[in-house]
Amino acid sequence: MTHSTARRSALRGLSLAALTLSSLATFSAHADTPAVLRVSAIPDEAPTELQRKFKPLGEYLSQATGMQVVFTPVTDYAAVVESLATKKLDLAWLGGFTYVQAKIRTNGTAIPIVQRAEDAVFTSKFITADPSIQTLADLKGKTFAFGAPSSTSGSLMPRYFLLQDGLNPEKDFKTVAYSGAHDATVAFVAAGKAQAGVLNTSVWDKLVETKKVDPSKVRVFATTPTYFDYNWTVRGDLDPAIIKKLTDAFLALDPAKPEHKALMDLQRASKFIPTQPENYAGTEAAAKSAGLLK
């Protein structure tokens, strides 16, 4: 072997060794960093309230999965759907209608894994501060507020049941407004910006319990029939092992354990139960009948 050949071999050996050491260092750095689970929720309440509700649940899911759980609030319902479809989110808290939208947007790959027991028999409350409104029929000629346009319980299902009762909001109400969130709808009605409105029962009950609304001034005058609503949905190409860990973690929540009950109370859940796409067939049919889906 010539001197120059030996020198080239030595340099190649040094380069290979350096590359190997670099690769090992990179691997070591990543090995100490847990994988990230990216989570969000439809903004059906104020962002600060969503963060408050999710914090202990996020910590629980992190322990259950061994992943770093990062919650990112979004500005509107469509952003959650789009983020699931473009793989910027792994897990999302959706309403029934936003799940249907996510299913369509992801070509059927979005998977609802669990829902609260309450979500299998969900309802919406029609509210007013106007003494002349006692029944749904009294809404004719009145100003009215829905929540967000894509809200299952604040818009889609109440609209569906109004139509079944022979009331077309755009034709029969004086004006129709969209508050953007359930708590905002209550504020609209309390301030006289709308003579009546509708929101989901869970948020209404929470606002009454926390004395953020006075039911002697703003009252419920009608309740919808039951329907399926909220669920936790994962993007379909998430690792099946992670999906199983998440599902098992939700189903393992036990209100008999004080640390579990505290986070379940924030979610207003008595327990979590498995769910499936078929539960939302009625929601999809309602959306199509309302002209919101083709």
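Predicted model: local features only at pLDDT ≥ 70, side-chain atom pairs only at ≥ 80, totals over all residues.
1. Let's begin with an open sheet of six strands, whose order is β2-β1-β3-β10-β4-β11, with mixed pairing. Because β2 (68-71) and β11 have a single partner strand each, they stand at the edges, and one side of each is left without a neighbour in the sheet. From one strand to the next, the twist averages 25°.

2. Residues are numbered from 1 along each chain as its sequence is written, and side-chain values use heavy atoms, with hydrogens and water left out.

3. Strand β4 (residues 111-116) pairs with β11 in the antiparallel sense over three bridges, and Val114 stands opposite Pro274 in β11. Helix α9 (residues 240-252) packs on this sheet, where it touches β1 (36-41), β3, β4, β10 (231-234) and β11. Touching, or contact, means heavy atoms within 4.5 Å. The direction of α9 makes about 10° with that of β4; axes are lines fitted to C-alpha atoms, for helices over the stretch in contact, and angles run from 0 to 180 degrees between N-to-C directions.

4. There is also an open sheet of five strands, in the order β7-β6-β8-β5-β9, again with mixed pairing. Its edge strands are β7 and β9 (219-223), each pairing on one side only. On average, neighbouring strands here are turned by 30° against each other, direction ignored.

5. Which strands does β6 pair with in the parallel sense? One is β7 (residues 175-178), joined to β6 by four bridges, and another is β8 (residues 196-200), over two bridges. Phe144 takes part on both sides: it stands opposite Val176 in β7, and its bridge partner in β8 is Ala196. By contrast, strand β5 (residues 124-128) pairs with β8 in the antiparallel sense over five bridges, where Ser124 has Asn200 as its bridge partner.

6. Buried means under 20% relative accessible area, exposed over 50%, and partly exposed in between (1.4 Å probe, protein chains only). In a regular strand the side chains alternate between the two faces of the sheet.

7. Helix α7 (residues 182-190) lies across β5, β6, β7 and β8 and runs at about 160° to β8. Helix α8 (residues 201-209) lies across β5, β8 and β9, at about 100° to β8.

8. Leaving out residues up to four places away in sequence, Leu162 touches Phe126, Leu136, Leu139, Phe146, Leu167, Pro169 and Phe173.

9. Next, a helix pair. The axes of α4 (residues 96-105) and α11 (residues 281-289) come within 9 Å and cross at roughly 85°, which means that α4 is roughly perpendicular to α11. For such labels, angles under 35 degrees count as roughly parallel, over 145 as roughly antiparallel, 65 to 115 as roughly perpendicular and the rest as oblique. The contact is made by Gly96, Phe97, Val100, Lys103 and Ile104 of α4 and Thr283, Glu284 and Ala287 of α11.

10. Finally, two residues have a positive phi although they are not glycines: Lys87 at about 65° and Arg268 at about 55°. Lys87 lies in the loop between α3 (77-85) and β3 (91-94) and counts as partly exposed because its relative accessibility is 46%. Arg268 lies in the loop between α10 and β11 (272-274) and, at 24% relative accessibility, counts as partly exposed.

Conventions
Pairing = 2+ DSSP bridges.
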